[in-house]
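Colleague: I have a model open and want to learn how to read it. Can we go feature by feature?

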Amino acid sequence: MPRDFKIFYNENVPDDIVDHVEMLLRDIYSLSFRIVGVRIPRQDCWDDSKHSFDAKALLRNMGRDSTTFFTWLIDKPLIVNQENVYGYGETLKGSIVTTSKLATKTLIAKEVAFHVGTVLGLKKCSEDCLMSVSENFERLIHKPSILCNMCKMKYQRLKIRYA
Ligand SMILES: [Zn+2]
């Protein structure tokens, strides 16, 4: 496990959202999360035709600085393979979530926690679980903000393996 998991955000994301995200992440993963500060997305990752940032391109750029184990909140829409998404994460690398389409800080935190799970090595889950895929807004609203027992056990094993 990383010594600490970094939280970046862009300047338009309010502090209370960032704080709420950090609190939920700490509850679920019992890791040290560190709010690093503002990070501005690079303009060459902007897709003009979609009026969105390309999530994979943004993560690739973070990879160039060897920044891993992070999540990044931005207020502009995101796309992956030309489709709009709430967020995106890559295992052992990092994740990114947009606040632009999620109305409450509860929903934002839940979406961030799902992608952070992916970064930490959890897979998608078919139980009533945070790690179930929110393929639509309805599903995101109704799924729980906690891991199911299977995912909790998996996560404990992952923590030992990385330690
Ligand atoms: Zn699960």
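Colleague: Where is His-51 found?

Modeller: His-51 is found in the loop between E3 and E4. Helices (H or I, at least four residues) and strands (E, at least two) are DSSP runs, numbered from the N terminus. Before we go on, some ground rules. Residues are numbered from 1 along each chain as its sequence is written, and side-chain values use heavy atoms, with hydrogens and water left out. This is a predicted model, where local features need pLDDT of at least 70, side-chain atom pairs count only at pLDDT 80 or more, and totals for chains, interfaces and linings use all residues.

Colleague: Does His-51 count as buried or exposed, and why?

Modeller: Buried means under 20% relative accessible area, exposed over 50%, and partly exposed in between (1.4 Å probe, protein chains only). His-51 counts as exposed because its relative accessibility is 51%. Its backbone deserves a look too: phi is near 50°, a positive value in a residue other than glycine.

Colleague: Which other residues sit in that loop?

Modeller: Among them are Ser-49 and Asp-48. Ser-49 is exposed at 64% relative accessibility. Asp-48 is exposed at 57%.

Colleague: Now sheets. How do strands E3 and E4 pair?

Modeller: Strands of a sheet pair through backbone hydrogen bonds, either parallel or antiparallel. Two strands pair if DSSP finds at least two bridges between them. E3 and E4 pair in the antiparallel sense, over two bridges. Asp-47 stands opposite Ser-52 in E4.

Colleague: In what order do the strands of this open sheet run?

Modeller: The order is E3-E4-E6-E7, four strands with mixed pairing. E3 and E7 are at the edges with a single partner strand each, so one side of each has no neighbour in the sheet.

Colleague: What about E5: which strands does it pair with?

Modeller: E5 pairs with E1 in the parallel sense over four bridges. It also pairs with E9, again in the parallel sense, over five bridges. Phe-8 stands opposite Trp-72 in E5. Ile-74 has Thr-98 in E9 as its bridge partner.

Colleague: Why is E5 described as largely enclosed?

Modeller: Five of the five residues of E5 are buried, so the rest of the structure largely encloses it. Phe-70, Trp-72 and Ile-74 point one way, while Thr-71 and Leu-73 point the other.

Colleague: And Thr-98: buried or exposed?

Modeller: Thr-98 counts as buried, because its relative accessibility is 0%. Its side chain makes a polar contact of 2.9 Å with the side chain of Ser-100. Contact in general means heavy atoms within 4.5 Å. Leaving out residues up to four places away in sequence, Thr-98 touches Ile-74, Asp-75, Lys-76, Pro-77, Leu-78, Val-85 and Tyr-86.

Colleague: Which residues of helix H2 are buried?

Modeller: H2 spans residues 55–64, and its buried residues are Ala-55, Ala-57, Leu-58, Leu-59, Asn-61 and Met-62. They pack against E1, E4, E5, E6, E8 and E9. At the start of H2, a side-chain oxygen of Asp-54 comes within 3.0 Å of the backbone nitrogen of Lys-56. After the helix comes Ser-66, with a positive phi near 55°.

Technical notes: Polar contact = N/O pair within 3.5 Å; in protein donor to acceptor, adjacent residues only side chain to side chain.
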